[in-house]
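Please brief me on this protein model.

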Amino acid sequence: MNTRRKTVLHPLQRLLGKEFNPKLFFTTIKKNLLWAILITVLAYGITKVYLRYTIPEYEARARVMIKAENKAQVLDIKQFSNFRKDNIQAEIEMMKSNLILSEIVETLPLSISYFKMGKFASTELYKSSPFKLEVLVKKPVIYGIPFEVVIIDHEKYIISYKVNEQEYNKTVAFKQDYETDNFELSLELTNAAFLQSQNNGLEGKYFFMLNDVNSISRTLLQNLQVYVVNAEASIVQITYTDRQAIKAADIVNTLAEKYLARDGESRTKSTSLIMSFIDEQLSSVGDELRKTEEAIRNFKVENKFIDINNKESDILIGFRNLEQEQIELELEESTIDWFLDFVETENDVTNIAPLLSLASTYVFSTLVKKLVDLQDRKEEIMMHVTVNSPSVKLLDNQMKNVRIALISSIENYQKSLVAKRIDLEEQMQRYDDDFKSLPEKEAQYLHLKRLSSIQEKFYLLLLDKRSEFAITKAGFVPGNIILEHALVPTVPIYPKRSLIQIIGLSIGLLISLVLILTKYMMHHNILSLSDFERYSDAAVLGIVPSASKRQEDINLVVTTNPKSLISEAFRSIRMNLQFISNEPGPKTIIVTSTISAEGKTFIALNLGASLTMMGKKVIILDFDMRKPKIQRAFNTMNTRGVSTILIGEDKIDDNIQSYEMENADLFSSKVRQLDFITAGPIPPNPSELIISGKTDELIDHLKTKYDYIIIDSPPVGLVADAMYLLKKVDYPIYVLRADYSSRDFINNINWLMSENKISKLSIILNDVGKGGSGYGYGYGQGYAYGYGYGYGQGDNGGYYQEEKKKKSFLQKILPFLS
């Protein structure tokens, strides 16, 4: 019982599947290795060129802690309300606002950009331009226009530019004013040493651009990033990207410093505003108090007045109670008057919040808070839209309505204070009437004393308020500090050289791998008998290993090297012929193929020689009258042959030639020569000659003299000449060449067997071992007629020997890979 033996698989086949051919894969690599290297080198070279001509971009970064606290609370001083909440996102928006960005533009030299012109790209000369520009812009049309400057020498330059499609070109001396309708400028050469290093100080091409504040701010905002890196510690990071490393660092550091300065100024502004108001009141009350005290002293000196009696003291006590109310009322009236004036004249009411704690103005806190909230919302929106935006106009209307309501509330409150003051004056008038009953000088003294007491208390109250605000102002310790200043970056963030080089190398390798895989996947040639047996039922007569170049030139390998692997293969084929037909009598063999160069002539010659070595009389006929080859193998002329026989011009026996085989002493057979008939001159109608009766006469005549008649026919896939002969012969042999014949050729074989009823058709796979066919998972499998060889190898085996040849490095390592 036959049991199907399992095929031993290569490790890569176990991993990738039985269909994978490792030898073909590595052979494909070998064939395309040069292309793979060229593609990889090209891809890597492209990255080098890209890096060479790409202007690098640098990123500078700084870290700021956003935190404010009032140390005044440790003195148990009342905190003055500020409706603006500390919001880290709001602070980030402040850093990115036009307020800060415009200050950066004013501080740094950004209004004019200087560039050095290069072959492929221009380089910005931030703080390193060899000349300095002073310009007066008359019309904004020149903003953003490149002004080309060609420095001729240390004395003059050429300036070129284009405005409204009109080109201008003028030679100007350094420090000389150049004035047009659009601008007025003057260039001063500031770095002659720089020019000396550039083109020997005689020539250089530059250009500059004038930038308006809005365009610079937009550019700054595009390249600026502010984000939170530690929410718990309120730490934000400021980064700026630019092609100039020094410029990036300057912008980041300036932004951080300007933000801190503006933030500290904003936090103490309200307190400073209130202290200014109190100082004005102190100055006024102080002057009045000094005048009153001077009047008391003069009164005492002039009237030699010493003291008053108890009744007068009682009257003064009553006055003191009313005086305290009067002082508070006066402070409240002054505050309300100032508060009303501030609301009517100032747009920003954010800083009046602390004033609400001075007196009863806290009653307006709701309206003030609403007004401050609207104002904050407007500031946030203005960072992203213009003043003409509908949302801004809506907020303006809301703020206007709230301001009107606030002013109305203040005026109503003023009226209530007036009524309160009138009531106090009536009460104090009654005490004045009591004074009138006292002696005149005593009453006059008490009046002065009372006035002095009121002024003194008012003065002391103002001093107390001022002290509180001074402590509050001093208590605002700026928690917003720069934790890390931006350093000038030395390594660009783009392009990342190592990463791009790795990517370029990887792309080159990937393309090479895709190329190799594509070549491998598109490989459609027959590699082994497994490829053939999978699609056809034709009998396999055997396989012929690859011959060396020298063996291919000799053609008759079995006689020149009888112990070679190829000779053993032909002996095996010779033996397998018996399984196809073992009947007695002469046999005819035809050897054909699909296309030329598949080795049918090589097979015919060596099969004939192998049969001759067995003692058989063999003759080879070259019926490939379109492309005859046998004469070259035997080194003879092709002046006559099959074509002349078929047309009746020559006799058969006169065209038979003999070849004395080499190494004849090694043969046990007495037959020492191989006969052959060349194709003869190329006829115009080979197909008609073959199917004529002369062909049958030729073969029948030769059967009387030879044991085997081998016909080398034309390729059946190209012409129909061989079709007639295939049906006549005993052994129709179809040759396929490994790694050369397409798998589509198997369809021709199946067609010959099914449609043309050539049932005895057998296959020889030639040239196995080169290229992808060298991986022999088809070797040693049981062929239909017991084909097999491989009893030894080299000199040690003794059955055959192979010609030694020098192997390439890849050929040496392929056995380890496969």
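The notes below start with confidence and then turn to local features.

This is a predicted model: local features need pLDDT of at least 70, side-chain atom pairs count only at pLDDT 80 or more, and totals for chains, interfaces and linings use all residues. Residues are numbered from 1 along each chain as its sequence is written, and side-chain values use heavy atoms, with hydrogens and water left out.

**Confidence**
- The protein chain has an average pLDDT of 77, where pLDDT is the predictor's confidence in each residue, from 0 to 100.
- A score of at least 70 is reached by 70% of the residues.
- Residues 775–804 have pLDDT below 50, yet this stretch makes 75 contacts in the model beyond near neighbours in sequence. Contact means heavy atoms within 4.5 Å.
- Residues 814–818 also fall below 50 in pLDDT, with six contacts beyond near neighbours in sequence.

**Aromatic pairs**
- The structure holds 15 aromatic pairs. Rings of Phe, Tyr and Trp (its six-membered ring) pair if their centres lie within 6.5 Å; planes under 30 degrees apart count as stacked, over 60 as edge-to-face and the rest as tilted.
- Phe-115 and Phe-207 are stacked, because their ring centres are 4.7 Å apart and their planes at 10°.
- This pair links distant parts of the chain, 92 residues apart: Phe-115 is in strand E3 (residues 112–116) and Phe-207 in strand E11 (residues 204–210). Helices (H or I, at least four residues) and strands (E, at least two) are DSSP runs, numbered from the N terminus.
- Both Phe-115 and Phe-207 are buried. Buried means under 20% relative accessible area, exposed over 50%, partly exposed in between (1.4 Å probe, protein chains only).
- Tyr-161 and Tyr-168 are also stacked, with ring centres 5.0 Å apart and planes at 20°.
- Tyr-161 is buried at 6% relative accessibility, whereas Tyr-168 is partly exposed at 34%.
- Ring pairs join Phe-147, Tyr-161, Tyr-168, Tyr-178, Phe-183 and Phe-208 into a cluster.

**Loop residue Thr-54**
- Thr-54 sits in the loop between helix H2 (22–53) and strand E1 (58–65).
- Its relative accessibility is 16%, so Thr-54 counts as buried.
- Beyond neighbours within four places in sequence, Thr-54 contacts Tyr-494 and Pro-495.
- Thr-54 and Tyr-494 are 440 residues apart along the chain, with C-alpha atoms separated by 9.0 Å.

**Helix H12**
- Leu-517 is in helix H12 (residues 497–522).
- Leu-517 is partly exposed, at a relative accessible area of 35%.
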